[in-house]
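Here are my notes on the model you sent over. Have it open while you read, and take the points in order.

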Amino acid sequence: MRTKPNHHSQLTLTRRQLARGLALGGLAMAVPGWAFAAKQSTSGSVATGALFSSVNGAGGDSHLILWSLQGDVLMEHALPGRGHGVARHPSGEEFVLVGRRPARFAAVVRRQADGEPSYEEFSSAEGRHFFGHACYSRDGRYLYTTENDYASGRGVIGVRDAQDGYRQVGEWSSGGVGPHELRLSADGKALVVANGGIQTHPDNPREKMNPDAMEPSLAYIDIASGALLERWELEDKKLSIRHLDVADDGTVCFGCQYEGPPTDTPPLVYMHKSGSPIQAASAEYSLWRSLKNYTGSVVINSQLRVAGITSPRGDSITLWSLDAHKCVGKINLPDVCGLSLTPDGKEFLASSGEGEVIRVDPTTMKVEQHWSVAGTRWDNHMTLAG
């Protein structure tokens, strides 16, 4: 089903408006304080709140951006390289943006006692680089990062103490090769890890070194001990498991990027419950074909039992029923990849590499609160602040 944006509510921001009040290369605020708290207007609609993402400039520069749901820039900071995923501390007062593979930096932004933000960075250990994603323990004490032990080609999970300057206090096997996104399990006792199965090395950062021997897997890791609890593989080894999310009841939905012949059209979306076999989601052949063997962000709406999955190559957002294991909707948006829930958890927000941001009601497939930022390339992922 195709739904066009409601252009009556469209707001177009110029590059000058986007940069207004910012000191490029430093940290700046367009409004006092964080504005992290998610609130609603008196009419009940989402009125405030903010989103974290990185933005890529035409000259190759990257910036961390916090912007309101109305399109106003609240803060900005230059990054040493291209950013990727953003992890939110359970308190909502602290965030970590991890650099895109094979970056060695991660940026920490937190609210200080006076309400102003602070910015600092930490690095991966020697012989390691980040894969772009992280998540916190339920109590916020520890941060877990997906990393590459590139000398051996082994995927690892870095364990850092968030209360001690993100000092690394441990390292566990990811249960596979090329771990990408990871999430905390519904009960908070395990990490669910998408091992992409692709071996890489920072000397040739985008080269896939094992195209004929990929080992993608979905792994569950005990956060008390680092022990591998479960490891599941897909029959088709060319399906690189990349992004995932976990529903309130423990259902995992993950999306794949197919590394086989472009003429193949395998299923790209799967569901899983701990202890049970992986289940492929169903869709029409034309739907799989339209995604061009590539999925981006995966975000679950637990209230409606629906997962939203972006495909920047397929220029679309698809919606999937967690119970029926099938596609239940599609919305077109060029180069869409970033995805998040609205503060009330009912709708999806999506961003594109062409500077557009839309809000999608999954019950009606209606697109609202649409604006664009001319000349701006939102990066692959965004996270709700609040």
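In which loop is Gly 196 found? Between S15 and strand S16 (217–222). Before the rest, remember that this is a predicted model, where local features need pLDDT of at least 70, side-chain atom pairs count only at pLDDT 80 or more, and totals for chains, interfaces and linings use all residues. Residues are numbered from 1 along each chain as its sequence is written, and side-chain values use heavy atoms, with hydrogens and water left out.

1. Gly 196 counts as buried because its relative accessibility is 1%; buried means under 20% relative accessible area, exposed over 50%, and partly exposed in between (1.4 Å probe, protein chains only). Leaving aside neighbours within four places in sequence, Gly 196 has contacts (heavy atoms within 4.5 Å) that include Val 177, Pro 179, Met 214 and Ile 241. Gln 257 is 61 residues away in sequence, yet the C-alpha to C-alpha separation from Gly 196 is 8.7 Å.

2. Ser 185 sits in the loop that links strand S14 (179–184) to strand S15 (190–195). Strands here are DSSP runs (E, at least two residues), numbered from the N terminus. With 11% relative accessibility, Ser 185 counts as buried. The side chains of Ser 185 and Asp 187 make a polar contact of 2.7 Å; that term covers a pair of N or O atoms within 3.5 Å, where within protein one must be able to donate a hydrogen and the other to accept it, and residues adjacent in sequence count only if both atoms are side-chain atoms. Not counting residues up to four places away in sequence, Ser 185 touches Arg 138, Ala 190, Val 192 and Val 246.

3. Now to a sheet: four strands form an open one in the order S10-S11-S12-S13, paired antiparallel. Two strands pair if DSSP finds at least two bridges between them. Strand S10 (128–136) and strand S13 (167–173) are the edges, each pairing on one side only. Six bridges link S12 (residues 154–161) to S13, and Val 156 stands opposite Ser 173 in S13.

4. Why is strand S24 (residues 316–321) described as largely enclosed by the rest of the structure? Because six of its six residues are buried. Ser 316, Thr 318 and Trp 320 are buried on one side, and Ile 317, Leu 319 and Ser 321 on the other.

5. S24 pairs antiparallel with S23 (residues 306–311) over six bridges, and Thr 310 has Ile 317 as its bridge partner. Six bridges also join S24 to S25 (residues 326–332), again antiparallel. In the S24–S25 hairpin, His 325 in the turn has a positive phi of about 55°.
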